[in-house]
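Hi,

I'm handing over the model we talked about, with some notes on ring pairs, strands and charged contacts. Could you look through it when you have a moment?

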Amino acid sequence: MKFGNNHKRALCCVLLCVVLLLGGGTIDLSFAEEIPAPTEASTTEAPTEAPATAAPTEAPATDAPATEAPTEAPATAMPTENPATETPATEAPTEVSEPAVPTEAPATEPPATAAPTETPAPKAISLNSPVMGLATVISSGVIRLTWSAVPGAQWYRVQREKLGLPGQWEDIGIPTGTVFDAPCHFGAVTKYQVIACARQGLVEYYSAPSGWRTSFGLSTPGIKSIESVDVTGVKFTWTGVANADGYYLSYSEQPNASHTPANRFKDVTPGSATTVTQYSMFSTGKTYYFRIQAYNTSQNPGVTYVGPLSMAIPFTRTVPKAALISVDALTDTQVRLNWNEVLGAGGYNIYRSTSASTVPGARIATISGGSTLTATAAMVKGSINYYRVCGYSYYNGKMLEGPLSNVISIFPLTAPTLTDVHYSSGSSVFLSWKLVDGATDYEVERKRHSADTVPTTILTPGGHKMTWGWLEDTTPNIAGESHWYRVRAVWEEGSSSSKGPWSSWQKAKVAAPTLTSVVGQRTGITLTWKANAGGTAIDAFRIERSLDPNSGWAELSPAPAITSSGSGVYTCTDDPPLTSTTYYYRVRAVHFDNSSSSLSAACVDSDPSNIAGGMKVVFDAPSLDYCRPYQTSGVNLSWSSVSGNPDGFAVERRAENGVFTHVAYIENGTSMYDSDLAPGVYEYRVRAYRIVGGMKQYGAYSNVGQVAILAAPVVTGHYVYMNQTQARMGWTITDPAKKVAGYILYSSNGTSTDYDTGTNLGLNAGRPATNGWSRAYTVNGLAANKTYYFRVAAFQAIDGLNYVGKLSEPFQVTTSARASLAPLQSNAATTTYPPNMAGTAWSYSIPGAYRLVLTFSADTKFERDFDYIEIYTRSGALVGRYTGTALAGATVGVLGDSFTIRMWSDRDVQYRGFKVNDVTAYVGATDD
């Protein structure tokens, strides 16, 4: 049990009483006052209850250890917990730090007056201050503290200065030995001190604090990679450490050797560096054990803080890693490999695998001599081939291989075959080639002449995934140049790719023209052809003629004059010496390349056109005598025959503003019917022909005949009105070349298919409209309450005859009966209306009407502003209110098929009233 001061005083009183009772003598009792221990995790340097003499403040320490405390130290309660620390590393480098700094010893308690007692007071324990050793970082966030043993000390108090509170200390451990692993603050300088402790009975004694040591929290760097470089060099890469100003690299040749400062071979600054290469130190074939630690010199000038050592990483020095640059196919069974030079290599080994998961595969070649950087190797057809290369050297008579290079995969590809290279539309060149098995893409190059050694790549592989074999090159400069092309297949899969061998170079040609006709005439034979794609690359044409379509071709010299009719169509006339002889012709397009500017052997010729034959023949132009519309969408034609016994006649037609196109060949006869024509104006011409050598030879064209096909009018509206015996209708029609002479109206009072012969309306005064003619017509004399059908058609007048166009769609008009108008009045023009009219109503309706128009008599009159009538629709909507003479002779329109009139009188002056003379009903589609 521990006694406090009050307990001690009480005990003294008891003892005094006992003495007095026993001996009655005087006893002098003198006790040393016990100072209670401070609470757990004390934050002061001295115990809570101070001794009799005040302690002086702490003074800076020196290299000497703390002075011995001559008197009893106050007892202090020790902390119960020791902060958790990381597991220390097996080895810890020695920290280079400032010397321990002792502090002033705490004040001693003055001696108490000896008490006159038979049992003397126990002697106070005197403890020297510990002498701090090194503060060594043994792992990330853990510092190992050591100090000298203090005679008589039973345990120690390890204290750390509070972060940011200079002079204030906190207990962090109560070890019994002289080694303690203490936690530290990362990125901050931390001070540590130690106090020796002992207990005698119930009293604890403390030494003065040791001199303090500082440390700095640094993490452990980790070596990420070690690789061989150069002949004797090694490259290191590690993870960086926060607050590091640099790194020490050390090594040993034994796996368990200690790493002292003497083992350090590299000091790396600044601390931001995480990679370094050390040359000329390490031997090939030998194993070394490397470690690294961070240090800091900026936190405390003149002091170097060293972090924990990393784990030892073994590494055997070999030749450096090779880099495989390319693997190119020479054939579908052989490749060429290129790699970089590896310093120190005595040669290279080549490995190949047909499976991505098999590494490195089989060694297929050994290249002796470290300067050889290119080699050929075999390739397995039908599979993806994976290649790697590595350098090697000999150590103790054995081959020592370096690391394997990167892998490059390749698929066996053959060279494509260019099937066509010709100038295309505009300034383009069109290429096509045969697809290569296994290829996923292609690469294309162009050069400007055969000796060009620096070709231009115009298609770079980039995931095109071609399933075709063609390309249009839109980039070449056509004028004055020739163009050569080649292509090779490419294989791509994921990040792997390979290229096959190039095709042979092929020169671009002009596309072959098409010979469209060879026509024999009295003055010669006329050829017509069309230049196909690549017209801008064509500089001239070569015309070739022969008597045999299979041989004997010769270019016409001098060349006949060539004319262009536009759209790439060309013509020329050859005048061969013989008549009644079949001649055969073909045409070539020519492009002047950079070695020529006129027709020569160096020009780029197209392939020849198709072959067509012709002979000199004489056919006069026929006369197109008859060209008239027939029915509603056809044309009848007839023409005169010609001498010379032609084999037939060719009929051509063109629409307005178009070109003549072939319609029919008439072998026996001089007339034809052309049907199913759309509305519009057409022109026709005819010429005779004879078949020679399978080709038709044509004579001169006839005159041109013109005919118009009239469209069906479009009915825009129709309605019944007036007294139900009249119908109004309107329509529009597009008039081709102003050919419409008038209109014919067809009607039926029976069915929609039973019409009369029609009524000629003429043009029927109308108004012209945009893109056509708009017309309107009124039919009179219809019966009430009856249905009629109407159709209308335009006609044109030719030589006194009317040619009727297509009929409009039928439209229906229905008249209806109506009631008498007699009741629709109030004494107008006779007597006056009664003075007591109060909303008297008159109603009237015409079933089927969508609009009614009321016409009032001229003598309709009311007392102005006092008497009036109102007009309402069937639904009760007010149409208007009228007074005075507002309705005299006026018309009022009402929507719907009925209306109601209401009359009002104020019982005063009387006038004549109103009368409705007429009600016009509108029944039909619209109101025009």
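Let me begin with one tyrosine: Tyr 392 is buried, at a relative accessible area of 4% (buried means under 20%, exposed over 50% and partly exposed in between, with a 1.4 Å probe and protein chains only). Please keep in mind that this is a predicted model, where local features need pLDDT of at least 70 and side-chain atom pairs count only at pLDDT 80 or more, while totals for chains, interfaces and linings use all residues. Residue numbers start from 1 along each chain as its sequence is written, and side-chain values rest on heavy atoms, with hydrogens and water left out.

Now the rings. The whole structure contains 34 aromatic pairs (Phe, Tyr or Trp rings, the six-membered one for Trp, with centres within 6.5 Å; planes under 30 degrees apart are stacked, over 60 edge-to-face, the rest tilted). Tyr 392 forms an edge-to-face pair with Tyr 394, at 5.9 Å between centres and 85 degrees between planes. Phe 430 and Trp 470, by contrast, are stacked, with 6.0 Å between centres and 20 degrees between planes. Because Phe 430 sits in strand 26 (residues 429-433) and Trp 470 in strand 29 (residues 470-473), this pair ties together parts 40 residues apart in sequence (strands are DSSP runs of E, at least two residues, numbered from the N terminus). Phe 430 is partly exposed at 23%, and Trp 470 is partly exposed at 43%. There is also one aromatic cluster made of Phe 236, Tyr 251, Phe 265, Phe 282, Tyr 288 and Phe 290.

Arg 685 is worth a look. It lies over the face of Phe 660, 4.1 Å from the ring centre, and over the face of Tyr 701, at 3.5 Å (NZ of Lys or CZ of Arg within 6 Å of the ring centre and within 35 degrees of the ring normal). Arg 685 also meets Glu 652 in a salt bridge of 2.8 Å, N to O (a side-chain nitrogen of Lys or Arg within 4 Å of a carboxyl oxygen of Asp or Glu). That pair links strand 45 (residues 648-655), which holds Glu 652, with strand 48 (residues 680-692), which holds Arg 685, 33 residues apart. Both Glu 652 and Arg 685 are buried. In total the structure holds 23 salt bridges. Another one, also 2.8 Å from N to O, joins Arg 654 and Glu 683, again linking strand 45 to strand 48, here 29 residues apart.

Finally, strand 27 (residues 441-447) has seven of its seven residues buried. Asp 441, Glu 443, Glu 445 and Lys 447 point one way from it, and Tyr 442, Val 444 and Arg 446 the other. Strand 27 pairs antiparallel with strand 30 (residues 484-493) over seven bridges (pairing needs at least two DSSP bridges), and Val 444 stands opposite Val 487 there. Strand 28 (residues 456-459) also runs antiparallel to strand 27, joined by three bridges, with Thr 456 opposite Arg 446. Glu 443 belongs to a network of salt bridges with Arg 488 and Lys 499.

Best wishes

Terms used: Helices (H or I, at least four residues) and strands (E, at least two) are DSSP runs, numbered from the N terminus.
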